[in-house]
Amino acid sequence: PSALADFRDEPPARPIASSRAKRVAHYSYRPIANRSIVAEEFRILRTRLQYTERWRNSLLITSCHHDEGKTSTSLNLAHFMAKRKGMKILLLDMDIRRPRLRKLLGLESQPDLIDVLRGEAAPEDALWYSEEENLYAMVPQRGYGNATELLESPRAADLLNRLHASFDFIVADSCPCLSTA
């Protein structure tokens, strides 16, 4: 079985010390205008996710092909979730072959998500945080060819376990599902 199998039977993970996250004044992207119809749809989605019976505290955003809006959907959903007071939100770029969030957020992540998955850095050292939005981000700095090997590793399972224990909600941007099949 995959290392990314269900974690419910595993012991509680040690939380990540998010206080060590690198702070940025604000991310460089421009979110959807607060009074737009699209913004209201993201607020409705946020509320529905919070009150669903199958609440797990994470959502993976994917689509069939490149350039269908996965990254902008992930970014805006995380932004609107972070607007809710008292919630710690993590935006995780799991599109390891073609990462885009680092550039959109204006981050120079070193160490990065790939370093964490390889065991070369602690997760705390790859986190970015914006006090203005209470939004954390963990992103790869560059594309990486062996994404499957990294994501199926026991280190990835441990990282995901720790992230689930540390954040109220995780929004993960992923690769397209058909182009990598």
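Q: Which residues in helix 2 do Ala-39, Phe-42, Arg-43, Leu-45, Arg-46, Leu-49 and Gln-50 in helix 1 meet?
A: This is a predicted model, and contact here means heavy atoms within 4.5 Å. On the side of helix 1, the residues taking part include Phe-42, Leu-45 and Leu-49. Their counterparts in helix 2 are Thr-73, Asn-76, Leu-77, Phe-80 and Met-81.

Q: What pattern does the chain follow along the sequence?
A: The chain contains six helices and six strands. Read along the sequence, their order is β-α-β-α-β-α-α-β-β-α-α-β.

Q: Is strand 6 largely enclosed or open, and how many of its residues are buried?
A: Phe-169, Val-171 and Asp-173 point one way from strand 6, while Ile-170 and Ala-172 point the other way, and all are buried. In a regular strand, side chains alternate between the two faces of the sheet. Strand 6 (residues 169-173) is largely enclosed by the rest of the structure, because the buried count is five of the five residues.

Q: In what sense do strand 2 and strand 6 pair, and over how many bridges?
A: Ser-58 has Ile-170 in strand 6 as its bridge partner. The pairing of strand 2 (residues 58-61) with strand 6 is parallel, over four bridges.

Q: Which strand pairs with strand 5 in the parallel sense, and which runs antiparallel to strand 5?
A: Leu-91 stands opposite Ala-137 in strand 5, and Ser-130 has Leu-135 in strand 5 as its bridge partner. Three bridges join strand 5 to strand 4 (residues 128-130), and these two run antiparallel. The parallel pairing, over four bridges, is with strand 3.

Q: Which residues cover the two faces of strand 5?
A: Strand 5 spans residues 135-138, and both of its faces are covered. Leu-135 and Ala-137 are buried on one side, and buried on the other are Tyr-136 and Met-138.

Q: Where is Lys-85, and is Lys-85 buried or exposed?
A: Lys-85 sits in the loop between helix 2 (70-82) and strand 3 (89-93). The C-alpha of Lys-85 is 9.5 Å from that of Glu-133, a residue 48 positions away in sequence. A residue counts as exposed over 50% relative accessible area. At 78%, Lys-85 is exposed.

Q: How many disulfides does the structure hold?
A: A disulfide requires two cysteine sulfur atoms within 2.5 Å. The cysteine sulfur closest to that of Cys-64 belongs to Cys-177 and lies 4.6 Å away, too far for a bond. For Cys-175 the closest is also in Cys-177, at 8.0 Å, again too far. The number of disulfides is zero.

Q: What share of the contacts with a separation of 6 or more comes from residues 24 or more positions apart?
A: Of the 181 residues in the chain, 46% are buried. Among contacts with a separation of 6 or more, the share from residues 24 or more positions apart is 81%.

Conventions. Residues are numbered from 1 along each chain as its sequence is written. This is a predicted model: local features need pLDDT of at least 70, side-chain atom pairs count only at pLDDT 80 or more; totals for chains, interfaces and linings use all residues. Side-chain values use heavy atoms; hydrogens and water are left out. Buried means under 20% relative accessible area, exposed over 50%, partly exposed in between (1.4 Å probe, protein chains only). Two strands pair if DSSP finds at least two bridges between them.
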